[in-house]
Protein chains: 2
Amino acid sequence: MVKLNENYLKLPGSYLFSEVARRISAYTAAHPEAEIIKLSIGDVTRPLAPAVIEAMHAAVDEMGTYEGFRGYGPEQGYPFLREAIAQNDYNARGVEIRPDEIFVSDGAKSDCGNIGDIFGVENVVAVCDPVYPVYVDTNAMAGRAGDYDSRSGRWSRLVYMPCVEENGFSPAPPQERADLIYLCFPNNPTGAMATREQLKQWVDYANANGSILLYDSAYEAFITTPDIPHTIFEIEGARTCAIEFRSFSKTAGFTGNRCAYTVIPQELERNGVKLNAMWNRRHTTKFNGVPYVVQRGAAAIYTPEGRAQIKESIDFYRTNAKVIREELTAAGLKCFGGVDAPYIWLKTPDGMGSWAFFDLVLDQANVAVTPGVGFGPSGEGYVRLTAFGGAEATRQATARIRTMLHSGGVAPTGR
Amino acid sequence: MVKLNENYLKLPGSYLFSEVARRISAYTAAHPEAEIIKLSIGDVTRPLAPAVIEAMHAAVDEMGTYEGFRGYGPEQGYPFLREAIAQNDYNARGVEIRPDEIFVSDGAKSDCGNIGDIFGVENVVAVCDPVYPVYVDTNAMAGRAGDYDSRSGRWSRLVYMPCVEENGFSPAPPQERADLIYLCFPNNPTGAMATREQLKQWVDYANANGSILLYDSAYEAFITTPDIPHTIFEIEGARTCAIEFRSFSKTAGFTGNRCAYTVIPQELERNGVKLNAMWNRRHTTKFNGVPYVVQRGAAAIYTPEGRAQIKESIDFYRTNAKVIREELTAAGLKCFGGVDAPYIWLKTPDGMGSWAFFDLVLDQANVAVTPGVGFGPSGEGYVRLTAFGGAEATRQATARIRTMLHSGGVAPTGR
C-alpha cells in the first residue's frame with residue numbers, strides 16, 4: 001500500500017483568501033445592490049507594457065517560422081535574459097552578480113517553496129509573523145514545521161519572529177538557532193522595509209551560524225526611500241549566506257505571464273558543496289524553462305521604452321498607496337507601509353480584531369480588505385490594503401472608510 | 001549550520017545528454033568539415049501551428065488592454081482549457097474525465113518529478129530499465145532510491161523492470177512489492193507500446209496492492225495502431241489506481257512554450273484521503289499557473305484548424321520514423337518502436353556496446369544517436385534514434401548509416 005506524505009494532512013484547511021472571498025460572496029448575495037471595492041487582492045490590474053506586448057508578438061511570430069522556432073531552451077533561462085538581469089538589476093547598482101548565478105523560473109512563489117528541496121528536513125526554519133503563507137505551508141509539507149496548533153495558530157518546530165509596531169515590523173535575528181531564515185523586504189503583508197544596518201545584522205548572524213537567508217524581494221521595484229538596499233547582495237558578506245528571489249510579477253505586471261528568478265552566488269557553500277550547483281541540478285531535473293515568448297517579454301522591460309513604461313505603472317500604484325496612507329491617516333487611523341511597498345498595514349481602531357474590522361468595513365463601507373491575523377497571530381488587530389486597484393476606486397474606497405469613521409461606525413458590530 | 005539534502009550528493013555526476021553533446025563537440029573540433037546530423041535529441045523542430053500562433057497573438061493583445069488583461073489565473077488552469085482537454089482528449093474517446101480532475105502545468109517533466117511530494121519517502125518505487133532519467137533522479141533527490149552503485153548503474157532501493165526484446169520492451173508487474181510505479185507508453189526511449197491486456201494486468205496489480213501507477217503518456221499523439229489504449233483511463237479500474245501525465249510538447253510542438261497536464265481521478269484515495277485534493281493543495285501552494293497566452297495557444301489545438309495542423313506535423317514526424325525504421329531494417333539492422341512513437345530503438349550490430357556504436361556512427365556516418373545504456377543497464381547494446389528532424393536530413397542520415405554498413409564499417413573501432 002502506498003504511503004502518503006502525512007505532513008499534508010497536518011495543514012489547516014481554510015485558506016485566508018478563500019475565506020475572504022467566501023465572506024464577500026455571502027455579503028454580496030445578501031446585498032446585491034452593494035458595489036464592493038476590493039483592496040484585498042495582491043494582484044496587479046494594469047495591462048502589460050507596450051514594449052512587452054511588442055516583444056511578445058515578435059517572439060510569437062518567431063515561433064511560427066522554421067528559422068525562428070525554439071524548442072527546449074536552457075532550463076536556467078536564455079542568456080539574453082540572464083545577462084539583462086545581471087546587468088540591470090545588479091551590476092548597474094554596483095552589485096556583482098553574474099548570469100550563471102541567476103536561475104529564471106516561472107514564479108517567486110514556486111522558487112520560495114521549491115528551494116526547500118536542496119535542504120535537509122531537520123533544519124530549523126524561521127519566519128516572520130505575520131508572513132506570506134507560502135513559506136510556512138511549503139515547509140510544513142516538507143516536514144520541517146512540526147505540528148500545527150490551531151489555538152495559537154503556530155507550528156511547533158518553526159521559529160516565529162514577531163513583526164510589531166515596536167520593532168518597526170522588521171525583526172532582529174532570534175536568540176534561538178535558525179538554519180533557514182525567510183526574509184521579505186519590501187514586506188508582504190506589512191509593507192515594512194529593512195535598513196542597511198538591519199540587513200547587515202542578518203548577514204552577520206547567518207555567516208556566524210552557517211544559516212541561509214532566503215531573501216524574497218518580489219516588491220523591490222516599489223523602493224523609493226534613498227539608501228534602502230534594493231538587494232541583499234548590497235550587504236557585505238551576503239554572497240556567502242543569502243539566496244535572493246525576484247519576480248517580474250509586480251515589477252512589470254507579470255502575474256498572469258509568469259516569470260521570476262532566483263540568485264545563488266557561486267561562493268555560497270555548506271560542507272564544501274556549492275548551493276548554486278545543487279539548485280542547478282534541481283532546476284534542470286524538475287523544470288524545463290520559462291516559455292521563450294515570456295522570456296522575450298521579460299527582457300523588454302530593460303529597454304529604454306520598457307523601463308519608462310513599467311516605471312509609469314509602478315508610479316501609478318505608488319500614488320494609490322499614498323492616497324490610502326494619507327487619507328486614512330487623516331481620518332485618524334494608524335497606517336504603516338505603503339511608502340516602499342504596495343501594501344498598507346492598517347491598525348484597526350479601538351483594538352478591534354482583524355476579522356471584526358474586515359466585516360465592519362465590508363458592511364459599512366463596502367470595501368474589502370485582508371485580515372492581518374490571516375498572515376499570522378501577530379497580525380491580529382491589523383488589516384492589509386493593497387494599492388493595485390484603479391485610481392478612482394482607491395479614492396472612493398478611502399473616502400467611504402472616512403465617512404464610516406466620521407459617522408461613528410467603528411464600534412465592533414459583533415458579527 | 002544548515003544541513004543539505006544529502007540525497008543530492010549521491011546523484012552520479014555526468015548526464016547522458018551532456019556526454020553526448022561533449023563527444024559531438026570534440027568530434028566537430030577535430031573534424032570541422034564534418035556535417036553532423038543529429039538523430040539524438042528528443043526535441044521538435046517544426047514551428048507552432050498557425051492556429052496556435054493566431055491564438056497567442058490574440059491573447060497577447062488582450063494582455064495589453066485594461067479589459068483583456070489577466071493577472072493571476074486559477075493555478076489549475078483556465079476552465080476553457082481544462083474543459084477542452086476533458087472533452088477532446090477523454091470524453092470524445094468515451095473516457096469519463098471531468099475538468100476538476102485535470103491540473104494544467106508547465107510540463108510533464110515537472111509533474112513527473114513533483115508528484116513525489118504528496119507521497120511518503122518510504123514508498124518503494126518501480127521503474128522500467130531503460131527509463132526516462134527524470135523518474136529516477138527525482139526519486140533519488142527525495143531519498144526514495146537508496147544508494148547508487150556505479151558499477152551496476154542501479155540504485156539500491158528502486159525496483160527495476162527490464163524492458164528487453166523477450167518481453168517486447170513492455171514488462172509485466174514485478175514479483176516484489178512496488179508502491180509507486182512509473183510507466184511510460186508510448187515509451188521513451190524504446191518506442192514500445194503496451195496492449196490493453198498488458199495495461200489491465202498493471203491496473204489489477206495496483207488495485208490489489210494499493211499501489212499507484214504514474215502513467216506518462218507524453219507521446220500519446222503518436223499512437224496509430226488500432227485498439228492500443230490512448231490513456232490509462234480506458235482500462236477498467238484505473239480510476240482507483242492511476243495518475244496520468246500528458247503534454248502539449250510533442251503533441252503540438254510546445255517544448256519551448258511549456259504546457260502540460262496531470263489527471264487525478266476523484267476516486268483515487270489511499271487511507272481515505274483523496275489524492276486529487278492533496279495534489280490540488282500542492283499545485284496551488286507551489287505553483288501559480290501557466291501563462292494565459294500559453295493556455296490560449298494550447299486550447300487552439302482543439303479547434304478544427306488546430307487539429308488538422310497538428311495532425312500534419314505529427315504525420316510528418318511519423319514519416320521520418322517510418323523512413324528510419326524501414327531503411328535501417330532493410331540495411332540488416334534490428335529496429336523496434338517507431339510505429340506508435342517518435343523513437344526508434346535500434347539493436348547495435350555484432351553485439352557492439354551502445355557507446356562504441358555511438359562513436360562509430362558519429363565517425364563513419366557523421367550521425368549522432370543516443371546510447372541506450374544511458375537510459376539504464378538494460379539499454380546496453382541499443383541506441384535511440386528520434387524522428388524529430390527534417391525529412392531530408394533523416395533520409396540522408398539513414399542513407400549514410402546504410403553506406404557505412406555496406407562498406408563493412410561495423411567492426412568496433414576500439415575508440
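Modeller: Helices here are DSSP runs of H or I with at least four residues, strands are E runs of at least two, and both are numbered from the N terminus. This is a predicted model, in which local features need pLDDT of at least 70 and side-chain atom pairs count only at pLDDT 80 or more, while totals for chains, interfaces and linings use all residues. Residues are numbered from 1 along each chain as its sequence is written, and chains are lettered from A and ligands numbered from 1 in the order in which they are written.

The angle itself is about 10°, and the axes of helix 10 of chain A and helix 12 (residues 391-406) of chain A lie 10 Å apart. Axes are lines fitted to C-alpha atoms over the stretch in contact, with angles from 0 to 180 degrees between N-to-C directions.

On helix 10 of chain A, the residues that meet helix 12 of chain A are A:Thr319, A:Asn320, A:Val323, A:Ile324, A:Glu327 and A:Leu328. Helix 12 of chain A answers with A:Ala391, A:Thr394, A:Arg395, A:Thr398, A:Ile401 and A:Arg402. A contact means C-beta atoms, placed from the backbone, within 7 Å. This helix pair brings together five nonpolar, four polar and three charged residues. Ala, Val, Leu, Ile, Met, Phe, Trp, Tyr, Cys and Pro count as nonpolar, Asp, Glu, Lys and Arg as charged, and the others, Gly among them, as polar.

Now the surroundings. Chain A is divided into domain 1 (7-47 + 307-406) and domain 2 (50-304), with bounds from an automatic or database domain assignment. The centres of the two domains of chain A, taken over C-alpha atoms, are 25 Å apart. Where they touch, 34 residues of domain 1 of chain A are in contact with 45 residues of domain 2 of chain A. On the side of domain 1 of chain A, the elements giving two or more residues are helix 10 (304-330), strand 13 (334-337) and strand 14 (343-347) of chain A. Helix 10 of chain A gives the most there, with seven residues. That side of domain 1 of chain A is made of 17 nonpolar, 10 polar and seven charged residues. In short, helix 10 of chain A packs against helix 12 of chain A and also contributes to the side of domain 1 of chain A that touches domain 2 of chain A.

Conventions:
Two residues are in contact if their C-beta atoms, placed from the backbone, lie within 7 Å.
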